[in-house]
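The following paragraphs guide a reader who meets this structure for the first time. They begin with the relation between the chains and then turn to the parts of which each is built.

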Amino acid sequence: MIQRINPNRRYADAVVHQGVVHIIEVPVSETDDIRTQVREVLGALDATLALAGSGKDGLLMANVYLTDMADYDALNEIWEAWLPPGQAPARACVQVAGLARPGWKVEIAITAAVTDGEAE
Amino acid sequence: MIQRINPNRRYADAVVHQGVVHIIEVPVSETDDIRTQVREVLGALDATLALAGSGKDGLLMANVYLTDMADYDALNEIWEAWLPPGQAPARACVQVAGLARPGWKVEIAITAAVTDGEAE
Amino acid sequence: MIQRINPNRRYADAVVHQGVVHIIEVPVSETDDIRTQVREVLGALDATLALAGSGKDGLLMANVYLTDMADYDALNEIWEAWLPPGQAPARACVQVAGLARPGWKVEIAITAAVTDGEAE
């Protein structure tokens with residue numbers, strides 16, 4: 001069975017299937033600086049993970065798209081402060097030529113495990 | 001068990017494992033315009049999904065690679081006409097610096113659920 | 001249950017969940033030529049797949065990020081020599097605008113099946 005969270009005509013916020021959830025997050029604002037945009041993305045990710053019955057301890061793989069690799073250190077600063085110790089996913093990070101909105105500096109694709117109901 | 005659909009020395013059209021199928025599709029032609037290339041990709045995807053026992057209602061995650069974000073609206077026009085209402089996957093869309101053939105404008109990576117045999 | 005292999009504050013070498021492993025590999029050196037960098041990535045992948053109870057016959061999907069599509073033929077030469085016949089994954093290959101270190105020419109993200117303990 002497939003659970004789609006907030007599907008519109010183009011994409012869903014998250015899709016859950018067989019205990020795995022797929023999520024894409026983008027920034028709230030096109031004008032914020034990189035640190036704020038990463039915080040926006042990770043804040044949205046927290047909320048979506050919760051809706052999907054997962055959480056930061058369930059991350060399996062992350063694909064981080066930056067529009068400028070000069071933002072790499074700022075990304076990592078916020079990312080590492082956000083991640084619980086010992087819970088890091090596999091993570092790819094590449095600089096792309098652009099994102100869907102000109103001011104976006106980061107987009108993150110996540111695959112995570114549904115952790116609700118699991119024994120700790 | 002892993003089912004590989006049309007594997008060659010470099011890649012398979014699709015790989016199925018534990019009820020999940022991974023598919024990459026590229027355009028048929030290097031000279032077609034973006035709308036035609038998106039239709040070619042989605043047409044090939046329909047065929048490959050069917051071979052894998054899945055379909056448009058089984059999409060979990062899509063990674064759309066465009067070579068020019070100016071094609072974003074055209075992509076969405078064809079994509080939304082193709083997708084059944086309520087069946088959208090999580091979708092990342094980024095502009096890359098290039099694809100394997102110079103004339104390709106779009107490449108789509110898909111993760112989908114095998115839906116054959118499932119109760120509706 | 002989630003098994004994280006060598007997690008640090010930023011990423012894990014591999015993450016295993018429900019019989020599927022996610023792995024990202026980058027080159028050892030920033031100065032090596034493309035063939036050597038691809039060999040380094042695939043050599044590291046061999047080692048990580050083994051740690052995860054998988055192997056080259058378990059590959060499901062690959063996302064290959066090149067910084068220069070002129071390296072495509074060299075990538076394929078090493079890739080095809082490395083892959084066992086009939087075992088190719090679905091594979092996307094895109095040129096990105098940059099990777100995390102300036103000299104890296106290739107990064108590969110892999111989804112693979114855990115094959116240990118499976119009947120052949």
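**How the chains are related**

A rotation of 120 degrees, with 0.0 Å of shift along its axis, superposes chain B on chain C, and the RMSD is 0.0 Å. The two copies are thus related as by a three-fold rotation axis. The model examined here is a predicted one.

**A single chain**

Taken along the principal axes, the C-alpha atoms of chain A fill a box of roughly 40 × 35 × 20 Å. Of the 120 residues in chain A, 50% are buried. Among the contacts of chain A with a separation of 6 or more, 76% are between residues 24 or more positions apart.

**A sheet that crosses a chain boundary**

Strands of a sheet pair through backbone hydrogen bonds, either parallel or antiparallel. In the present model, seven strands form an open sheet in the order S6(A)-S5(B)-S4(B)-S7(B)-S3(B)-S2(B)-S1(B), with mixed pairing. S6 of chain A and S1 of chain B stand at the edges, each with a single partner strand, so one side of each is left without a neighbour in the sheet.

The link between the chains is made by strand S6 of chain A, residues 98–99, which pairs with S5(B) in the antiparallel sense over two bridges. Here Gly98(A) has Gln95(B) in S5(B) as its bridge partner. Within chain B, S2(B) and S3(B) pair in the antiparallel sense over four bridges, and Val15(B) stands opposite His22(B) in S3(B). Helix H1 of chain B, residues 34–51, lies across S1, S2, S3 and S7 of chain B and runs at about 25 degrees to S7(B).

**The two contacts of chain B**

The contact between chains B and A takes 24 residues from chain B and 23 residues from chain A. On the side of chain B that touches chain A, the elements that give two or more residues are strand S4 (59–66), helix H2 (72–82), strand S5 (90–95) and S7 of chain B. The largest share of this side, six residues, comes from S5(B). By class, the side of chain B that touches chain A has 15 nonpolar, seven polar and two charged residues.

Towards chain C, the contact takes 23 residues from chain B and 24 residues from chain C. Strands S1 (2–5), S2 (14–17), S3 (20–25), S6 (98–99) and S7 (106–113) of chain B each supply at least two residues of the side that touches chain C. That side of chain B has 14 nonpolar, five polar and four charged residues. Strand pairing is found here too: S6(B) runs antiparallel to strand S5 of chain C, residues 90–95, and two bridges join them. In this pairing Leu99(B) stands opposite Val94(C) in S5(C).

Which strands are paired with S3(C)? One is strand S2 of chain C, residues 14–17, which runs antiparallel to S3(C) and is joined to it by four bridges; Val16(C) stands opposite Val21(C). S2(C) and S3(C) form a hairpin with two residues between them, and Gln18(C) in the turn has a positive phi of about 50 degrees. Another is strand S7 of chain C, residues 106–113, which pairs with S3(C) in the antiparallel sense over six bridges. There the bridge partner of Ile24(C) is Ala109(C).

Definitions and conventions:
Residues are numbered from 1 along each chain as its sequence is written. Chains are lettered from A and ligands numbered from 1 in the order in which they are written. This is a predicted model: local features need pLDDT of at least 70, side-chain atom pairs count only at pLDDT 80 or more; totals for chains, interfaces and linings use all residues. Two strands pair if DSSP finds at least two bridges between them. A residue is buried if 20 or more other C-beta atoms lie within 10 Å of its own, exposed if 12 or fewer, and partly exposed in between; C-beta atoms are placed from the backbone. Two residues are in contact if their C-beta atoms, placed from the backbone, lie within 7 Å. Ala, Val, Leu, Ile, Met, Phe, Trp, Tyr, Cys and Pro count as nonpolar, Asp, Glu, Lys and Arg as charged, and the others, Gly among them, as polar. Copies are superposed by least squares on the C-alpha atoms of residues with pLDDT of at least 70 in both. Axes are lines fitted to C-alpha atoms, for helices over the stretch in contact, and angles run from 0 to 180 degrees between N-to-C directions.
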